[in-house]
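This briefing treats strands, pairing, a pocket and nonpolar cores in turn. Please keep the sequence and the coordinates at hand while reading.

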Amino acid sequence: MTSSLGQLCLNVAELDTAVDFYVGLGLTCTSRTEIPQAHEAIVENPAHGSKLQLAQQKDHDGPLDLGDAFWKLYVDTADVAATWERALAAGATVESPPERLDRWPVTVGFVRDRDGYLWPDGSPTDAPWLGQYCLNVTDIEAAIRFYELLGLTCSSRTEIPQAHEAILEAPGTGGKLQLAQQLDQDGPVRMGSMWKLYVHTDDCAALHDRAVAAGHASLAAPVRLDRWPVTIAFVADPDGYQVELVQRHAG
């Protein structure tokens, strides 16, 4: 059984506005889908990097409650100054301007998109691409064990002044997930507008059963969909994040 990290899905207040923002940065909208509860779109650099799924929930009205579960989204670029200017032109608000970091050989700046999501763009293609997603957790060791149980690998750990961090991925394929236990975190994280995270697998039923056998909650048993050639199931990670297990079938 193999696993890899798929896209992160964030709720947005208005889908077309959110898509225009990320396309303005240099990403591509590669698909749009309508499901019973939401309008959805995928933005990415098709050449490489991760995917971001944006979802406008049909029953949502008004601004989003971002909560404190989702921390930040990485947009990597070979030209941080140019991408920074494109972000501002697309409607981003400045959190902190680009600066060269002493600890790592990168230049990083922080902005918020039109819905208030925070993302840094850092150095190192000719267009920006999506790097890792960063989620806050209450117990980083428990979170690492969960994602390793799903078949991902903890490829690095980092200590920064405000958090313990770790990267989970399937090296060489799929996206990257950065977990962060904030040192001032007290109590459970508040989900807010974070919707779900995809983990791709070649055996959805077995992976679902493995998670449940380890004591994690099943949110939906495996089911083969009629609309797409996939089997999906949902489980909750230790903090309650909704993880969608996806097995793709031929045809």
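Strand β1 is mostly covered, since nine of its nine residues are buried, where buried means under 20% relative accessible area, exposed over 50% and partly exposed in between, with a 1.4 Å probe and protein chains only. The model is predicted, so local features need pLDDT of at least 70 and side-chain atom pairs count only at pLDDT 80 or more, whereas totals for chains, interfaces and linings use all residues. Residues are numbered from 1 along each chain as its sequence is written, and side-chain values use heavy atoms, with hydrogens and water left out.

**Strands around β1 and β13**

- Helices (H or I, at least four residues) and strands (E, at least two) are DSSP runs numbered from the N terminus, and two strands pair if DSSP finds at least two bridges between them.
- β1 pairs with β13 in the antiparallel sense over six bridges; Ser4 has His200 of β13 as its bridge partner, and Ser3 stands opposite Thr201 in β13.
- β1 and β4 run parallel and are joined by four bridges, with Leu10 opposite Leu54 in β4.
- β13 is also mostly covered, with eight of its eight residues buried, and β13 pairs with β16 in the parallel sense over four bridges, where Tyr198 has Glu244 of β16 as its bridge partner.

**The second largest pocket**

- The second largest pocket holds about 750 Å³ of space, a volume being the space filled by probe spheres set on grid points that are joined across faces, edges and corners.
- Of the 33 residues that line this pocket, Gln7, Gln53, Tyr198, Glu244 and Arg248 are the closest to its centre; on a 1 Å grid over the protein atoms alone, a pocket is an open set of points where a 1.4 Å probe fits, with protein on both sides within 12 Å along at least five of seven lines, and lining residues have an atom within 4 Å of a point.
- Among the elements that give two or more residues to the lining of this pocket are β1 (3-11), β4 (51-57), β13 (194-201) and β16 (242-248).
- The lining divides into 14 nonpolar, 14 polar and five charged residues, where Ala, Val, Leu, Ile, Met, Phe, Trp, Tyr, Cys and Pro count as nonpolar, Asp, Glu, Lys and Arg as charged, and the others, Gly among them, as polar.

**Nonpolar cores**

- A nonpolar core is a set of buried Ala, Val, Leu, Ile, Met, Phe, Trp, Tyr and Cys residues joined through side-chain atoms within 4.5 Å, and in the largest one, of 54 residues, Tyr22, Leu54, Tyr147, Leu150 and Leu179 touch the most other members.
- Helix α1 (residues 15-25) gives the most to this core, with six residues.
- A second, separate core of ten residues includes Ile35, Trp195, Val230 and Val246.
- Leaving aside neighbours within four places in sequence, Leu150 is in contact (heavy atoms within 4.5 Å) with Ser3, Val199, Leu207, Arg210, Ala211, Val243 and Leu245.

- Strand β6 (residues 93-100) pairs with β7 in the antiparallel sense over five bridges, Arg100 stands opposite Thr107 in β7, and a hairpin joins β6 to β7 through six residues.
- Gly116 is found in the loop between β7 (107-112) and β8 (118-122), and Gly116 counts as buried because its relative accessibility is 16%.
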